[in-house]
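The sequence and structure are shown first.

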Amino acid sequence: MKLTFPDYYKNFKCIADKCTDTCCAGWDVVIDSESLEYYQNLSGDYGEKIRGLITVDEDGDSIFVSSCGRCPFLLGNGLCDMYIHIGHDNLSRTCRIFPRFTNSFGARAETGLSLSCPEAARLIFQNQNPLTLITEDTDGEIIPSDFDTELYFTMLKVRKTAINILQNRKFSIVERLCAFLRYSEIVQDFVDFYEYENAETISTDELFGKPEYSSARAKRALKGIFRFFSTAEFINPDYASIISSAETVDMQGFAADDILIEHLAVYFFHRYYMTAVYDGRVLEKAIFAVLCTIVIMRISALGNEEFQVTAQKFSKEIEHSSLNMEILIKAIRKSRCFSVENLINILSEKEI
């Protein structure tokens, strides 16, 4: 099969006790069926210890009982007690693969590193050059998938054009994000009518340009967008007030490097854009990518921490909460606040 991954992907190595925001805290660890069977049959005192810390949650999943928001196997020095006793290969699947994610498309797959991991975030933002996606032949398992194969091969061409838009450094990052939204909107129109050949040949020359800005319109849209975050659930109890402050922050003084914002947008683009082959919602993936980029930019503009840290914390709070992701996707589908026109208007505040 063919596997596509970012150029930094193979450089990842867990830094264990040196991590500033360990994945062993804040989340419940769901135990997959294969690992559960292994733990249930593990002999000796350590097997007894593991079984004594397993419970079933309200969703019927077997999980490890956390203590004060920390995995019971997380030692005071930041290392994993289970890793020490039974090794990496016998950890639950979640622990073995994190922060890696994979999107499967039959004989092809795309993988990457989740921004929620501090070390992954460092790799995502460290390079001054545009991200390169690498495709290699691998011996990985081919997973049967139900998707529109014609749309998939169209999306491969669309993706190439879209990433070129996001990485076209002749233009400001705001102009690129706006052009990316406009491009995805046109693609969506063709996809809706199964005009895949037209979607593959869209001219991008006229998509760039500085948008007009309306302060009143931006404020209305931001109010609606941030209303979503008031209904979200956060691991960090202080995060609600932090994200609320981002609604009214002055973006004219925001000075984050365009390259950092580019890498951020490309991360969300790579993780979600191609999944449109399963539901045909190309524009929705684009809106999600740009929306997350906007909110992270606004939180960063508060000036409380480095851009990389802000992005990593946002990912942890939003991307790894099924509830928050579900609420956000529903809001994007139903509310005009998340329209291309409104997002472009919000982005343009940084350009005036």
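## Salt bridges and helix packing

At 33% relative accessibility, Lys2 counts as partly exposed, a class lying between buried (under 20% relative accessible area) and exposed (over 50%), with a 1.4 Å probe and protein chains only. The model is predicted, so local features need pLDDT of at least 70 and side-chain atom pairs count only at pLDDT 80 or more, while totals for chains, interfaces and linings use all residues. Residues are numbered from 1 along each chain as its sequence is written, and side-chain values use heavy atoms, without hydrogens and water.

The whole structure holds 19 salt bridges, each defined as a side-chain nitrogen of Lys or Arg within 4 Å of a carboxyl oxygen of Asp or Glu. Among them are these pairs:

| Pair | N to O distance |
|---|---|
| Asp137 and Lys2 | 2.9 Å |
| Glu319 and Arg271 | 3.5 Å |
| Lys330 and Glu326 | 3.2 Å |

Asp137, the partner of Lys2, is exposed at 62%. By contrast, Glu319 and Arg271 are both buried. Lys330 and Glu326 lie four residues apart in helix α15, about one turn of the helix; helices are DSSP runs (H or I, at least four residues) numbered from the N terminus.

Helix α9 (residues 215-229) packs against helix α16 (residues 340-347) at about 110°, with axes 9 Å apart; axes are lines fitted to C-alpha atoms over the stretch in contact, and angles run from 0 to 180 degrees between N-to-C directions. The two helices are therefore roughly perpendicular (65 to 115 degrees).

Methods:
Angles under 35 degrees count as roughly parallel, over 145 as roughly antiparallel, 65 to 115 as roughly perpendicular and the rest as oblique.
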